[in-house]
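Subject: Structure handover

Hello,

Here is the structure you asked about. Please open it first, then read the notes below it.

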Amino acid sequence: MNELVKLTHLEGIAVITIDNPPVNALSPGVPEGILNSIQAAAHDPAVKAVVVIGAGSTFIAGADIREFQKMTAGEKPRLTLHPTLLAIEDSPKPVVMAIHGQALGGGMEVSMAGHYRVIAASAQVGQPEVKLGIIPGAGGTQRLPRLAGVAKALEMCAFGEPITAQEALALGIVDRIIDGDLEGDLLAGAVAFAREVADRPAPKTRERKEKLGAVDSAIFSASRDTARKTRRGQPAPLAAIDAVEASTKLPFEEGCQLEAKLFNECLYSTQSKSLIHAFFGERAVNKIPDIPKGTTTYEIRRAAVIGAGTMGGGIAMNYANSGIPVILKETTQEALDRGLATIRKNYTNSVQKGRFPQAVMDERMALITPQLNYAGFDQADIIVEAVFEGMALKKQVFGEIDAIAKPACILASNTSTLDIDEIASATKRPKMVIGHHFFSPANVMRLLEVVRGKATSKEVIATSMALGKRLKKVAVLAGNCRGFIGNRMLAPYFREAQFLIEEGASVEDVNQTLYDFGWAMGPLAVSDLAGLDVGWRIRKEYRHLEKPGVRIPRVADRLCELGRFGQKTGRGFSKYDANRMPSPDPETAALIEAVAREAGIQRRRITQEEIVDRCLFALVNEGAKLLGEGIALRAVDIDIVYLNGYGFPPWRGGPMFYADTVGLAKVLARIQEFEARHGSDLWSPAPLLQRLAQDGRTFGDFDRQSANQASA
Ligand code: 3H9
């Protein structure tokens, strides 16, 4: 019918194959191709029924998301799905949708317009649109309740998680599971099914009503409460709930009209643009200009982790979760037992919450070998060091493992700030040394910052990026500097949070304002959670670098000197009860006032706007410096670091994207104001930011230009 959609025949059954690699997205031409094929089949007297199937690894992954970017950038919409879906549903010949891989978003909507659905056992179906800040826009909120029932449709449309083939069958979304992993099994099963139903009256989903009756309206308010709690600040889930509710109150056509109105409101919002930016960003970070796709990688079959503390234990769990046997080494039996007990507790929690069965936990525990010595390290393909953050100790450990590890073994450090080149200098193989900076809790947080030293080989980098994917992480490559991307930017962000409390804001003002901005936690609450002693130890390492006369925050150090390390000691910036619930600490407030007095700071009233701008633009300015220095490859890499490792609100797209939405000229003007007030040592604007702002360009433009240069 066109290059994207092919129509063939198998003895009375028309087979419509969608072939738009890599994921059969509904790009312009695909809906039209399906429509033409359906019409051709309808008019062909030899055709008794129709099968729609996807070529390649999946059915249809949804609308072509790039089209949405074009639309919101001002181009005319080219996506028209409704006429195709109505034509499928009105087809006089039964249409059987054959699903493998994924039927997501618009793909799910296409499948629901069919009269029947058969599915491969390993496939998934879902309406993930809310994750892009939109809602289903091709009748999904109206057809899904008619197939799955209102409660499940509500959950799927409002929260976006896909479901398995087995669940889809139990819910009545699909009619049959087709077993068999061989190519052709699904098509054969679908064709056989089509022959069975060829003479039956074909049920139209939009006319089905049996699952719409007797709905308890309390489920909508309960769902809205959950959305407000778990999707704080996001309108799309609430819009999806409104649309699904409409399916119970309005005729199908009117429900679709409401859905279309809500879809458009969501699509043109900054939130949707931010979330779509994050979707493509997650995929862009894997592309490294000087490391082409086919670069040789090392095979990682066995791993070893040194240090069974919070980080080391979490890292070992990642390997075990991915089926890679891992040795976990500690220096004392007590520390090893403690580390292992934490791992066991984490897995037990998952079993109790039903995430996986006990047998899976047992398998994973069996993959972890706890020990006090280096036995077996000579067999490891990768050794990850996760000892305390101190250069002398790290170098000692690297010296030791260099002597034991096989030549092709990657030596990775989980350092969060230290110089990878100096660590590598303790070995005779700096090309095999790399930073693998995991984020706490390492078994949960998705970010892996991969830090490239000056000698790190391309193969080691390529292996690390691929390993990140295998460990189900989002790996982002950073250059070597103090704190790399994430923590180097965090330093000025935390600095400003502390300056603000010295200048007159309360701890609670700062935490609440940034929480309301959308961060998972306020910065001072994060410091209390992570332990103030961690930063204290690092600052002591770098004391010699402090410039005389440049203001530095003092409160955290003073709290540490009093043994107040945050949550773990019950006191830090805030006070914590036995359940770790925070409350204002009058003693901290008095200490802050004393610090301000000693430093000669005149305390004043501080607005929420100043709190946001000081903290956020400190982050952005440092990000722009990192970009200018080439430590970060792209602005979007910084965004992905912050979205996946630091609790930055996903619907703001990351700090650099946020700056683009504010406007770089405005960001620069504010930074220059702060520079005039607080001095150039703290606030000199990044040269790249100045350049982009003067040219009226954005960080997004910078990324596009870099991509063009790389491909030229
Ligand atoms: C929607 O459908 C709205 C409807 O209601 C209709 C309204 C009218 N479009 O992830 P991968 C690209 S909204 C364009 O690495 P995997 C992706 O960028 C949509 N491109 O593979 C990448 O490109 P590159 C609802 C897409 O195997 C390549 O394909 N649907 C799309 O790890 C491979 O992707 C969704 O939200 C797309 N829809 O995972 C599903 N999808 O190679 C979004 C992928 O240049 N997609 N690409 O970097 C996914 O969740 C995953 O891609 C999937 C495969 C699970 C399908």
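Predicted model: local features only at pLDDT ≥ 70, side-chain atom pairs only at ≥ 80, totals over all residues.

Start with helix α5, where Gly140, Thr141, Gln142, Arg143, Leu144, Pro145, Arg146, Leu147 and Ala148 are buried. That is nine of the nine residues in the helix, which spans 140–148. Buried here means under 20% relative accessible area.

Ligand site

A backbone N or O atom of Ala63 sits 2.8 Å from a ligand oxygen atom. Gly137 also places a backbone N or O atom by a ligand oxygen, at 2.9 Å. For Ile65, a polar backbone atom is 2.9 Å from a nitrogen atom of the ligand. On its own the ligand has 1,000 Å² of accessible area, and the protein covers 75% of that.

Nonpolar cores

The largest nonpolar core has 97 residues. Ile383, Ile485, Trp519, Leu616 and Phe699 touch the most other members. Helix α25 (608–629) contributes most to this core, with eleven residues. Another core lies apart from it and holds 69 residues, including Val50, Ile88, Ala158 and Ala227.

Leaving out residues up to four places away in sequence, Trp519 touches Arg232, Tyr493, Leu514, Leu616, Leu619, Tyr642, Tyr646, Gly647, Phe648 and Pro649.

Is Gln567 buried or exposed? Gln567 is buried, because its relative accessible area is 12% and the cut-off for buried is under 20%. Gln567 belongs to the loop between α23 (555–561) and β18 (575–576). Its side chain makes a polar contact with the side chain of Arg580, at 3.2 Å. Beyond four places in sequence, Gln567 touches Asp528, Leu529, Tyr576 and Arg580.

Arg580 is in the loop between β18 and β19 (582–583). Its relative accessibility is 44%, so Arg580 counts as partly exposed. Arg580 is not a glycine, yet its phi is positive, about 65°.

Backbone points to check

Most residues other than glycine have a negative phi, and most peptide bonds are trans. Please look at these places with that in mind.

- Phe484 has a positive phi, near 55°, and is not a glycine. Phe484 lies in the loop between β17 (474–479) and α19 (486–503). Phe484 is buried, at 0% relative accessible area.
- The peptide bond from Pro21 to Pro22 is cis, with omega near 5°. Pro22 is in the loop between β2 (13–18) and α1 (30–43).
- The bond from Ser440 to Pro441 is also a cis peptide bond, with omega near -10°. Pro441 falls in the loop between β15 (433–438) and β16 (447–452).

Best wishes

Key: Residues numbered from 1 in each chain as written. Heavy atoms only, no water. Helix = DSSP H or I, 4+ residues; strand = E, 2+ residues; numbered from the N terminus. Buried < 20%, exposed > 50% of the residue type's maximum accessible area, 1.4 Å probe, protein only. Polar contact = N/O pair within 3.5 Å; in protein donor to acceptor, adjacent residues only side chain to side chain. Contact = heavy atoms within 4.5 Å. Areas by Shrake-Rupley, 256 points an atom, 1.4 Å probe, with all protein chains shown as cover. Core = buried A, V, L, I, M, F, W, Y, C linked by side-chain atoms within 4.5 Å.
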